[in-house]
Amino acid sequence: MTTLTAGGAEALPLDTILTGDCIERMRDLPAGSVDLIFADPPYNLQLKGELHRPDNSRVAAVDDDWDRFSSFEAYDRFTRDWLSAARRLLKPHGAIWVIGSYHNVFRLGAELQNQGFWILNDVVWRKANPMPNFKGKRLTNAHETLIWASRDEGSRYTFNYEALKALNEGVQMRSDWVIPICTGHERIKDAAGDKAHPTQKPEALLHRILIGTTHQGDVVLDPFFGTGTTGAVAKMLGRHYIGIEREETYLRVAEKRLHQVRRIEREALAVSASKRAEPRVAFGVLVERGLLRPGEVLTSFNGRRAARVRADGTLVAADVTGSIHQVGAHLEGAPSCNGWTYWHFRRDGVTVPIDVLRQQIRAEMGDAG
């Protein structure tokens, strides 16, 4: 276990599992100390009786005591209390992910909004290999829903847009994720060969969440730790974790699992940076620095348009004066234009986009930092 202190603040038990009731243990932790929470709370499935397959074999459904509540009112009180404790732990720009099924996700969403969380997305986790509906009386339940919410409406939450886009082969990540449920070697079994936990989540799901919404070194809390999927992926990806688990059986499984996880080398943990996170560079800085000279002619990417650079960092063409974006949009008759990729300059007989000069300055700013 490692601890984190800042300015004499209370120590934070990093990379460990706390035992006991999640609400009580969260209340023991220092406020504003966690970057992200992933919560997989009881679904309150309201199962009545056993479920069997057509061959009369019993389905290992979720019928444990921890998923049983006396009423919807009791479940709502539990949801209110743990979400309140969780929100207190989040840093001002922190966020939370909660996952549920149709049994509970609507109640979770309502309480998130009641407590002041700001919902950013709901994500449909479409199971590539769902359990069939054996009775044939309903649709096959082939998905679960995740809700991603920031602590407050104005929170500057982490979103690694470019990293998720890279994960998705260069295409913007959508809110429907096709990921198989745990099977084979990933499914943890007990000594009898049965599932160690009925709702173990796939590591691929947590990998996507942590890559997309945390940074290296961030603190991730999971108040319903189970067999430790959140902790395993966090440790692998260079994030800190705090788990809370009250069931001794799951606790032992999670501890053994985490002991076997090895962190990825730091060099391999870097992800594609968001362009929005890059330092802002005004076009006028290029002129001030002498990278472009007043009076120099810029041409459009297709060579059909031209404009001259002015000393104040604006451009002038035949009938328009303005920023690199405004002049480009006017000449093309378009509502907007990215002047950085639209305009080009000539050096040594080669036509080069002005964005190359912007990246040069950004690199210098990074070196100076």
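Visitor: Where is the place of Asp15?
Guide: Asp15 lies in the loop between strand 2 (12-14) and strand 3 (16-19). Strands here are DSSP runs of E with at least two residues, helices are runs of H or I with at least four, and both are numbered from the N terminus. This is a predicted model, in which local features need pLDDT of at least 70 and side-chain atom pairs count only at pLDDT 80 or more, while totals for chains, interfaces and linings use all residues. Residues are numbered from 1 along each chain as its sequence is written, and side-chain values use heavy atoms, without hydrogens and water.

Visitor: What is the phi of Asp15?
Guide: Phi of Asp15 is positive, about 55 degrees, although Asp15 is not a glycine.

Visitor: Why does Asp15 count as buried?
Guide: Buried means under 20% relative accessible area, exposed means over 50%, and partly exposed is in between, with a 1.4 Å probe and protein chains only. Asp15 has 16% relative accessibility, so it counts as buried.

Visitor: How do you know whether Glu169 is buried or exposed?
Guide: The relative accessible area of Glu169 is 75%, and therefore Glu169 is exposed. Glu169 sits in the loop between helix 4 (161-167) and strand 8 (176-179). Phi of Glu169 is also positive, near 55 degrees, in a residue other than glycine.

Visitor: What makes helix 6 mostly covered?
Guide: Seven of the eight residues of helix 6 are buried. They are Thr229, Thr230, Gly231, Ala232, Val233, Ala234 and Lys235. These residues pack against strand 4 (34-39), helix 5 (203-213), strand 9 (219-222), strand 10 (240-245) and helix 7. Just after helix 6, Gly238 takes a positive phi of about 75 degrees.

Visitor: Why are helix 6 and helix 7 called roughly parallel?
Guide: Axes are lines fitted to C-alpha atoms, for helices over the stretch in contact, and angles run from 0 to 180 degrees between N-to-C directions. Angles under 35 degrees count as roughly parallel, over 145 as roughly antiparallel, 65 to 115 as roughly perpendicular and the rest as oblique. The axes of helix 6 (residues 229-236) and helix 7 (residues 248-260) come within 9 Å and cross at roughly 15 degrees. Helix 6 and helix 7 are therefore roughly parallel to each other.

Visitor: Which residues make the contact of helix 6 and helix 7?
Guide: Thr229, Gly231, Ala232 and Lys235 of helix 6 meet Arg257, Leu258 and His259 of helix 7, where contact means heavy atoms within 4.5 Å.

Visitor: Why do strand 14 and strand 16 stand at the edges?
Guide: The open sheet has six strands in the order 14-13-12-11-15-16, with antiparallel pairing. Strand 14 (321-322) and strand 16 (350-353) each have a single partner strand, so one side of each is left without a neighbour in the sheet.

Visitor: What makes strand 11 and strand 15 a pair?
Guide: Two strands pair if DSSP finds at least two bridges between them. Strand 11 (residues 297-300) and strand 15 (residues 343-347) have two bridges and run antiparallel. Thr299 has His344 in strand 15 as its bridge partner.

Visitor: How many bridges join strand 11 and strand 12?
Guide: Strand 11 and strand 12 (residues 306-309) pair over three bridges, in the antiparallel sense. The bridge partner of Leu298 in strand 12 is Ala307. The two strands form a hairpin with five residues between them, and Gly303 in the turn has a positive phi of about 80 degrees.
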